[in-house]
Amino acid sequence: MAELDTSGGGGKGGKVRSKKASTRVDLTAMVDLAFLLITFFMLTTSLNKPQAMDMTMPDKEENQEDNLKVADDRTMTVLLGGKNKIEWYMGTVDNPTTPTVIDYGKNGIRAAFLDKIKAVKAATGKDLFVIIKPSDKSSYKNLVDIFDEVNIVDVKQRALADITADEVELLKRDGIY
Amino acid sequence: MPRVKVPRKSTAIDMTAMCDVAFLLLTFFILTATARQAEPLPVDTPSSTTKAKQPQTNIATITIGEGKVFFSVTENDVRRSMLEKMSERYGYPFTEEEKKRFSLIESFGVPAGNLKQVINMNNEDRLKPGLQRGIPIDSVNNQASELHYWILNARYAAKELNNASLRFSIKGDAKEEYPTIKKIIAILQKQEVNKFSFITALEGTD
């Protein structure tokens, strides 16, 4: 095993003595096993804890009059369509400015967010307001992804809202519904 | 000239101390590890860059997958009290034994009418995939859905027993379609639970 015979080649002739057995046990295998198990438990305990993404929704107001009005020019509406695609536009749905179909991820929606945050800040001096409207064709993963992106670009004012028929039409027109 | 003899050293290292440390750490990790509960509805949660950990106590989790909805509460006494309240509301009586068994079941997903049957199964049968059909989430005849009452009664129970407001988590399958999620959020909002969290797996920022 891990121990070399270091006794030297002596013992020529002479009396035959009973060999003294070493009291040392080879612990290498045992240590190997112990570290393997440590690694296993370390990885499983830290990976097992799920993360919680906090969501805060506004109170559901029955009378619409109290609802806060937000300026059109700093509102970005993000429609989650099918096929893992997003369509976003500025302003209102009757007169959408630059509706664009885009992908999720760093080069897709995140770039659009960063771009618009800067543009809105420059134009109005205020922060961007993001409204997220998932369509019936989008999945739960899409919803989590878009909130994750919003968290990454740090948009403080955002809301989750129901999609309207006009917006579904817009998605259909662009073939992602 | 006499040749200098270099004494040969043993290559064996004393492993005792290392072994001690290794087993000490091993014991620590085994003791701190929380055993994962078997879930009747396994879901593949989407990943996000959120770093906040899910708290371990006083949490009600709504699991959504394959169009089915399961409900679980972390505290045993809350589960028991919640069952008593539900049994009053829907008029299904439960025996003391059944209540005790229910308080040990972490997650369930059957209509209230089938609950008795599921409680009396053994653990292995209960966790068979496809056996539990999910809690009804649609309102019937102007009556709010069963899930609505489970949530409401769980909140009452937590308030009465622990004087704490229950926190809600939604644990959905990545592929679950949005309309189901929308219904769950609507049920929560209906009773003014406006704060909840989505359970996600960890992912790095790219």
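## About the model

This is a predicted model, in which local features need pLDDT of at least 70 and side-chain atom pairs count only at pLDDT 80 or more, while totals for chains, interfaces and linings use all residues. Residues are numbered from 1 along each chain as its sequence is written, and chains are lettered from A and ligands numbered from 1 in the order in which they are written.

## Helix H6 of chain B

Helices (H or I, at least four residues) and strands (E, at least two) are DSSP runs, numbered from the N terminus. H6(B) covers residues 146–162, and its end C-alpha atoms lie 24 Å apart, in agreement with the 24 Å that 17 residues should span at 1.5 Å a residue (1.5 Å times one less than the number of residues).

Among the buried residues of H6(B) are B:Leu147, B:Trp150 and B:Ile151 (buried: 20 or more other C-beta atoms within 10 Å of its own, with C-beta atoms placed from the backbone).

## Where the chains meet

Let's turn to the two chains together. In all, 42 residues of chain A are in contact with 49 residues of chain B (contact: C-beta atoms, placed from the backbone, within 7 Å). H1(A) gives the largest share of chain A's side, twelve residues. By class, that side has 22 nonpolar, ten polar and ten charged residues (Ala, Val, Leu, Ile, Met, Phe, Trp, Tyr, Cys and Pro count as nonpolar, Asp, Glu, Lys and Arg as charged, and the others, Gly among them, as polar).

Notes. A residue is buried if 20 or more other C-beta atoms lie within 10 Å of its own, exposed if 12 or fewer, and partly exposed in between; C-beta atoms are placed from the backbone. Two residues are in contact if their C-beta atoms, placed from the backbone, lie within 7 Å.
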